Amino acid sequence: MTESGKITLTADDGSEEVFFVLEKAEITGGSYLLVTDGLEEDAQALILKEVEDAETVAYEVVTEERELRILSSYFEELLDDEVEIRLE
C-alpha cells in the first residue's frame, strides 16, 4: 500500500489494476481491504482478503455472500456513514 492510498495489484496473467484503499481491517485473524476503482460517488468497490505464504502476499476478492454481508457492515461502521455499501 502506498501513502497516497493507491495500490496496484497484478493478476496471474500479468495485467495490473490500480485501486484506492478506503479502509483496512483486521477481523478474526484475517486482514481485509475495502478498495474502489475510483473516487466518484458511484464507484465500484471490492473487499479483498489478504492471503500470505512464505514468499508473497496476495489478495483475493471476497465472493461468499455471508462473509460479504458481515464485512460490508463492519466497513460501513468503520467509515462512520461516509460510505454506503450496496451488494449487487
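**Pocket lining, core and hairpin**

Reader: What gives the most to the lining of the second largest pocket?

Author: β5 does, with five residues. A pocket here is an open set of 1 Å grid points over the protein atoms alone where a 1.4 Å probe fits, with protein on both sides within 12 Å along at least five of seven lines, and lining residues have an atom within 4 Å of a point. This is a predicted model, with pLDDT of at least 70 needed for local features and 80 or more for side-chain atom pairs, while totals for chains, interfaces and linings use all residues. Numbering runs from 1 along each chain as its sequence is written, and side-chain values use heavy atoms, without hydrogens or water.

Reader: Which elements supply at least two residues each to that lining?

Author: β1, β2, β4 (45–52) and β5 (57–61) do. Strands are DSSP E runs of at least two residues, helices H or I runs of at least four, numbered from the N terminus.

Reader: And how many residues line the second largest pocket?

Author: It has 15 lining residues, with Leu9, Thr10, Ala11, Asp12 and Tyr59 lying nearest its centre.

Reader: What happens in the hairpin between them?

Author: Five residues separate the two strands, and Gly14 takes a positive phi near 90 degrees in this hairpin.

Reader: New topic. Which residues make up the largest nonpolar core?

Author: Ala25, Ile27, Tyr32, Leu34, Ile47, Val62, Leu68, Leu71, Phe75 and Leu79, 10 residues in total. A core joins buried Ala, Val, Leu, Ile, Met, Phe, Trp, Tyr and Cys through side-chain atoms within 4.5 Å.

Reader: Where do they come from?

Author: β2 (16–27), β3 (30–36) and α1 (65–78) each supply at least two residues of this core. α1 gives the most, with three. Another core, of six residues, lies apart from it and includes Phe19, Val21, Leu33 and Val35.

Reader: How many aromatic pairs are there in the whole structure?

Author: The search finds one. Tyr74 and Phe75 have ring centres 6.4 Å apart and planes at 70 degrees, so the pair is edge-to-face (centres within 6.5 Å; under 30 degrees stacked, over 60 edge-to-face, the rest tilted).

Reader: Is Phe75 buried or exposed?

Author: Buried, at 0% relative accessibility, whereas Tyr74 counts as partly exposed at 33%. Buried means under 20%, exposed over 50%, and partly exposed in between, with a 1.4 Å probe and protein chains only.

Terms used:
Rings of Phe, Tyr and Trp (its six-membered ring) pair if their centres lie within 6.5 Å; planes under 30 degrees apart count as stacked, over 60 as edge-to-face and the rest as tilted. Two strands pair if DSSP finds at least two bridges between them.
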